[in-house]
Amino acid sequence: AHAYYVPFSNGAYSGYAARVSLSDFSSSGVEYLNLADTNPNLKGFFGGFATDAHAYYVPHNNGGRSGYVVRVSLSDFSSSGVEYLNLADTNSNLKGFRG
């Protein structure tokens with residue numbers, strides 16, 4: 001089991017997502033990936049949630065209101081486990097979420 005942390009801003013909008021092992025709550029239990037390495041628009045999230053299979057990141061602001069929703073496979077917490085879609089491609093109002 002892990003705790004998942006949502007990237008928003010570390011002085012600039014960030015794509016660095018992290019997870020921490022609940023059985024090794026120390027620096028050695030930390031894993032991270034930069035979602036923006038997959039696509040430079042994948043940063044500035046505001047909220048998220050996890051299911052049994054994926055961590056989901058809620059799009060908010062990546063320098064402008066964003067519709068890029070991301071999910072990361074919990075069994076492959078790496079750039080190869082990242083999937084995304086731009087909700088604003090469906091409707092230009094679908095951006096800037098919180099939650």
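This is a predicted model: local features need pLDDT of at least 70, side-chain atom pairs count only at pLDDT 80 or more; totals for chains, interfaces and linings use all residues.

Strands β4 and β5 pair in the antiparallel sense, with 4 bridges between them. Here a strand is a DSSP run of E with at least two residues, numbered from the N terminus, and two strands pair if DSSP finds at least two bridges between them.

Residues are numbered from 1 along each chain as its sequence is written, and side-chain values use heavy atoms, leaving out hydrogens and water.

Zooming out, β4 and β5 belong to an open, antiparallel sheet of 4 strands, ordered β4-β5-β6-β7. At its edges sit β4 (45–50) and β7 (82–86), each pairing on one side only.

The other sheet to look at is open too, with 3 strands in the order β1-β2-β3 and antiparallel pairing. Its edge strands, β1 (2–5) and β3 (30–34), have a single partner strand each, so one side of each lacks a neighbour in the sheet. Between β2 (residues 16–21) and β3 there are 5 bridges; Ala17 has Leu33 in β3 as its bridge partner.

Now for the largest nonpolar core, which has 13 residues. Such a core is a set of buried (under 20% relative accessible area, 1.4 Å probe, protein chains only) Ala, Val, Leu, Ile, Met, Phe, Trp, Tyr and Cys residues joined through side-chain atoms within 4.5 Å. Leu35, Leu42, Tyr57, Val70, Val72 and Val82 touch the most other members. The largest share, 3 residues, comes from β6.

How values were computed:
Buried means under 20% relative accessible area, exposed over 50%, partly exposed in between (1.4 Å probe, protein chains only).
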